[in-house]
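Please consult the sequence and the structure shown below alongside the text.

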Amino acid sequence: NAQEASDKIYLCTLLRSRPALTDAIVLGTGPRGFIVCILPAFGMEVRVYIEDQPLAAGFDYYEDEDLLLIKWKPYVKELEHASLPRQPKNNNNNNNNNQKGRNNNNNNNNKKGASAPAGADGNDNKDVCILQEVREMSVLKVLLTVKKDVIPADIDVKLHHPFSDMSRTLF
């Protein structure tokens, strides 16, 4: 419908200059490594594929528990910012509340395995993975940007690394 297409184009125009970090509520997971979630701040439903996440090392799906276990690569700050569009130099949006990507709410976002990113304690063990459980009604952080060189314009949704320190909301 024309109204929905217009809304999407308008959102893409905004996201092109100002990516948004927002909450996503998980509605379900699938055996092929996808997460269906809603973005309450934007009133939309999206499907996120683990294979499209640059910092994800893989996943396991447990059908009997409806559980998706994401295996994250150790967090490297440079990798996160490399995927972001460049921001204008006089961006006064410095809403950094030092959450370090850790969410201690009871929302089933349990990180198992390493308690801190590799290298944080001076030990550069490259085999360390950070595990994150994703179940129905989990709350995840996602970064919304615009897919480059795609016509018509489309929204790109990336999961936010659990130990990322980029806790600013850009929108």
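This is a predicted model: local features need pLDDT of at least 70, side-chain atom pairs count only at pLDDT 80 or more; totals for chains, interfaces and linings use all residues.

Ala20 has Leu144 in β8 as its bridge partner.

Strand β1, spanning residues 20-30, and strand β8 pair over 6 bridges in the antiparallel sense. Strand β8 covers residues 139-146 and is mostly covered, with 6 of its 8 residues buried.

## The open sheet

Strand β8 is also joined to strand β9, residues 155-159, by 5 bridges, and these two strands run antiparallel. Within this pairing, Ile155 in β9 is the bridge partner of Val146.

Altogether, 5 strands make up an open sheet with antiparallel pairing, in the order β3-β2-β1-β8-β9. Because β3 (44-49) and β9 each have a single partner strand, they stand at the edges, and one side of each is left without a neighbour in the sheet. From one strand to the next, the twist averages 45°. In general, the strands of a sheet pair through backbone hydrogen bonds, in either a parallel or an antiparallel arrangement.

## Helix α1 across the sheet

Which strands does helix α1 lie across? The helix, formed by residues 2-17, lies across β1, β3, β8 and β9. Its direction is at about 90° to β8.

## Overall architecture

The chain contains 2 helices and 9 strands. Along the sequence, these elements follow the pattern α-β-β-β-β-β-α-β-β-β-β.

Of the contacts in the chain with a separation of 6 or more, 62% are between residues 24 or more positions apart. The chain has 171 residues, of which 37% count as buried. Its accessible surface comes to about 10400 Å², and carbon and sulfur atoms account for 46% of that area.

## Cysteines

How many disulfides does the model contain? With a disulfide taken as a pair of cysteine sulfur atoms within 2.5 Å, the count comes to 0.

Are Cys12 and Cys37 buried or exposed? Cys12 has a relative accessible area of 1%, and the value for Cys37 is likewise 1%. Since buried means under 20% relative accessible area, Cys12 counts as buried, and so does Cys37.

Terms used. Residues are numbered from 1 along each chain as its sequence is written. Side-chain values use heavy atoms; hydrogens and water are left out. Buried means under 20% relative accessible area, exposed over 50%, partly exposed in between (1.4 Å probe, protein chains only). Helices (H or I, at least four residues) and strands (E, at least two) are DSSP runs, numbered from the N terminus. Contact means heavy atoms within 4.5 Å. Accessible areas come from the Shrake-Rupley method with a 1.4 Å probe; for residues, only the protein chains shown count as cover. Two strands pair if DSSP finds at least two bridges between them. Axes are lines fitted to C-alpha atoms, for helices over the stretch in contact, and angles run from 0 to 180 degrees between N-to-C directions.
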